[in-house]
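Visitor: I am new to this structure. Please show me how to read a few of its features.

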Amino acid sequence: MENNVFNRFKVISVDKIDYEQLLEIQHVSSNRFFRCHLSGSWFRSKVFPGDIINVKSDKFDGKTYTIDDDHGLVTINPDNLLPVASITKSGSCLRREWLERLFKEIYRTLDESSSIGLIVRDIFRTACEERPETLEQLKMIRNKCLEKENIISKCSRVDWNEEMIRKVDEYLPCIMEWLEKYVLQDAGLLYDGKLSAKINTVKDIEENIWSPSLGVVGKVDVNCEVKIHNRKKRMPLAMKTGRAFLLYFSQQEDQSRLYSMMMRERGSEDCDGGLLLFLKNKKNEFEPVMNLIKVYHNEETELLQRRNELAYFLDQEKTDFSGPDFAQAERTCKNCTQRFNCSLMARSFKEEKIKKATKFRKKLIDSELKHLNSSEIEFFKEWMEILRNDWIKEKKELPFWAEPSSLREGKNLGFGCLKIRTISGKQVILTRACSAEKTLMSQPRLLGERVVISEDEPGNAVPTKVALFFGCVTEMKENEIEVTAERSIGDSGDYTKIYRLDIPDYGDLPFLHYQNLSTLMSKTMQSKWKVFHQLRDCIINGSQANSVDKLSLKVPEYDTEEVENRAIHLLYKMKAYLLLHGNSTSNGILSIVRALSKDRKSILITSPDPTILQRISFKLRSFGIEFVCFGMHSDCHPYIRKFTIESKIEKEKGNQKKLKLKEVYGKILVTVASCSAVSYDPLLLERNFDFSIILEANKIAPPAALSTLFISDRLILISNEIRVLWAAESGIQIDFSFGESLFGLLRKKKNRGISLTDLLDILDRKEDFGLVSCW
């Protein structure tokens, strides 16, 4: 057992004696038993029997690990990989970062200021790699960066006009000055005037590092070899577009320290610090300001303890939703982005502490929640508990790095013992490095899957070379598998190493549903989605919806088939939603879609079942209805691949690609997307649809359906079963309507229904449909 590398253990027992925690631990791989003594600042660590911990210490006698302020590190529940930024910012308010992670937005489009920062960072990274010698060459790099897919997608909200390009160009002379000082010439002095540095080579840019040893994930701007006072070493370089030495400077220093720790765990043993570069000085003038940020053991201890504390509150098996304590400083709360969520969670799960809170705190909570009544808060509380308990029950699989590749292969979740055969840009072909019982064609479901490639590291220590590349399986043969990586692999692949390929586990689903519930409860729901404020009132409070007979909307006449003409009459009378039961892929649905598209209405078709979406896409093509589908391009059946958004715009570049997107959206009215794509795709989140059709609506829980509600004016929910319960596995007592699908919740309300005969008169008589309710 190596003493100064991380090893993975399970905690068997915990004893607290004086100011020490004495742990009995069992090594996960060898099943051998050891002891671990936590003292000093580590005594406050929240560790319990059953926890998984990573331990390393230079003070190890073969049986006992000693962890104190001078020796060793411990990562508690390391499988929850937390972002570097969340850990560093938790020092100012732990509760805010807990809420940021709990209600995290999977994908957030950027405003102009953030878009400029993103573009400048990409220009800087590329310039580090290509080493331009003139400003004109740097502007050519800028043009290339503006054509990149990820830049276009993230900046979809922003128009790239001349003014925005001018603001980006303001940074270019500063980047050029930095290149001349630290890259193109001999070593230049750092800002402190004591040390000189030169960037010798760039090993990687925008390197996404997963560190299971530390339980941290982060993206390093530049991984480079640096010469500092004639000594060469690998270091991370982080670049900031803002002003140097502001109040949050310590957070940026801590980020550099964490990046250094992560790189060291990944194999760069000489990495004892990082470079931190600002493109503006204290006076907010353009000037490169770069410093060396050293990392010492006491700082490693503090950062890892901060990470462990945040991970503890995010462990939903151990904690309830009361969360960390409120921040002490009132000014921290006044401008906090999580003010509403903090108040809502406190009112739902921390009522006792509110009674003891300060007048300022009580006033703030009352102000944030004055638009909600008690039944709405109770609805939020109940659904949060249901989702939490279901997630706990379903969370059984270990992360891929915690299991041998042979075991994962037995579960049909990946392959082990692979070697790289060829690399070409983003394309990598892998073959077997040893004999195996199964061929690579034994798991055909991997074709089209998003996968992660890591080094296959046998042994007792925690693996370090995890998630080296992400990509999608594009071709499979009996003896080789081709993966298209998400970025160019370049020289990062090693032909001498043994690799493994895994389907990664995504743990974002419950947090996405939490965010949807929060949005449903927010003030925004009243101001932006007025119809769905009423829908919320109907779902939660049981208020009765208006019946169709009382609506007096003017319905225009259409030169369409009689069935479609009647259908569109009904749809225009619909105020908010229509509930149908029948076959989700029937021709009746296509009649509705064709009628609405002829009237130039935008339509979103979504479902929790991807197979249903494939079938409906086949029928849309057969009916000659033009549409666009969202999701991974390679996931789609070849028959409908040309209808993906990627295929529609693949020939365009740069700003022309953005213009083409707008043109596609202006012409193509029908969009097909999975419920998950609706939740995180920026192009969908920026759009508002006239109608949304949810197929298999009896299989989707209300929180999962909310993303569709937020971008729709009117809903059509279709269930293929009379039994409309969403099966909650929580095992807790469910009152009122909790645990039902959105379809079931709306159907239970005392809304006026229309008979099956009436509906069949409106739709194609050959279809087996029944209308349940219309509002």
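Guide: Start with one residue pair. This is a predicted model. In it, Ser13 has Glu24 of β2 as its bridge partner.

Visitor: How many bridges join strand β1 to strand β2?

Guide: Eight bridges link β1, residues 7-17, with β2, residues 20-27. The two strands run antiparallel.

Visitor: What is the strand order in the open sheet?

Guide: The order is β5-β3-β2-β1-β4-β6. That makes an open sheet of six strands, and the pairing is mixed.

Visitor: Which strands stand at the edges?

Guide: They are β5 (64-67) and β6 (73-76). Each has a single partner strand, so one side of each has no neighbour in the sheet. From one strand to the next, the twist averages 35°.

Visitor: Now the helices. How are two packed helices described?

Guide: By the angle between their axes and the distance between the axes. Take α2 (residues 94-102) and α9 (residues 297-314). Their angle is about 50°, and their axes lie 10 Å apart. Roughly perpendicular starts at 65 degrees and roughly parallel ends under 35, so α2 and α9 are oblique to each other. Their crossing is right-handed.

Visitor: Which residues make the contact?

Guide: From α2 come Leu94, Glu97, Trp98, Arg101 and Leu102. From α9 come Glu309, Leu310, Phe313 and Leu314. By class, the contact of α2 with α9 has six nonpolar residues, three charged and no polar ones.

Visitor: At what angle do α11 and α13 pack?

Guide: Helix α11 (residues 339-349) and helix α13 (residues 359-368) pack at about 100°, with axes 9 Å apart. The angle makes α11 roughly perpendicular to α13. On the α11 side, Arg339, Phe340, Ser343, Ala346 and Arg347 take part. They meet Leu364, Ile365, Asp366 and Glu368 of α13. The residues of this contact divide into four nonpolar, four charged and one polar.

Visitor: Last, confidence. What does the chain average in pLDDT?

Guide: The protein chain averages 80, and 78% of the residues score at least 70. Where pLDDT is low, the predicted coordinates should not be read in detail.

Visitor: Over which residues does pLDDT stay under 50?

Guide: One such stretch is residues 545-560, with 26 contacts beyond four places in sequence in the model. Residues 722-739 are also below 50. That stretch has 50 contacts in the model beyond near neighbours in sequence.

Key: Residues are numbered from 1 along each chain as its sequence is written. This is a predicted model: local features need pLDDT of at least 70, side-chain atom pairs count only at pLDDT 80 or more; totals for chains, interfaces and linings use all residues. Side-chain values use heavy atoms; hydrogens and water are left out. Axes are lines fitted to C-alpha atoms, for helices over the stretch in contact, and angles run from 0 to 180 degrees between N-to-C directions. Helices (H or I, at least four residues) and strands (E, at least two) are DSSP runs, numbered from the N terminus. Angles under 35 degrees count as roughly parallel, over 145 as roughly antiparallel, 65 to 115 as roughly perpendicular and the rest as oblique. A crossing is left-handed if the near helix is turned anticlockwise from the far one by less than a right angle, and right-handed if clockwise. Contact means heavy atoms within 4.5 Å. Ala, Val, Leu, Ile, Met, Phe, Trp, Tyr, Cys and Pro count as nonpolar, Asp, Glu, Lys and Arg as charged, and the others, Gly among them, as polar. Two strands pair if DSSP finds at least two bridges between them. pLDDT is the predictor's confidence in each residue, from 0 to 100.
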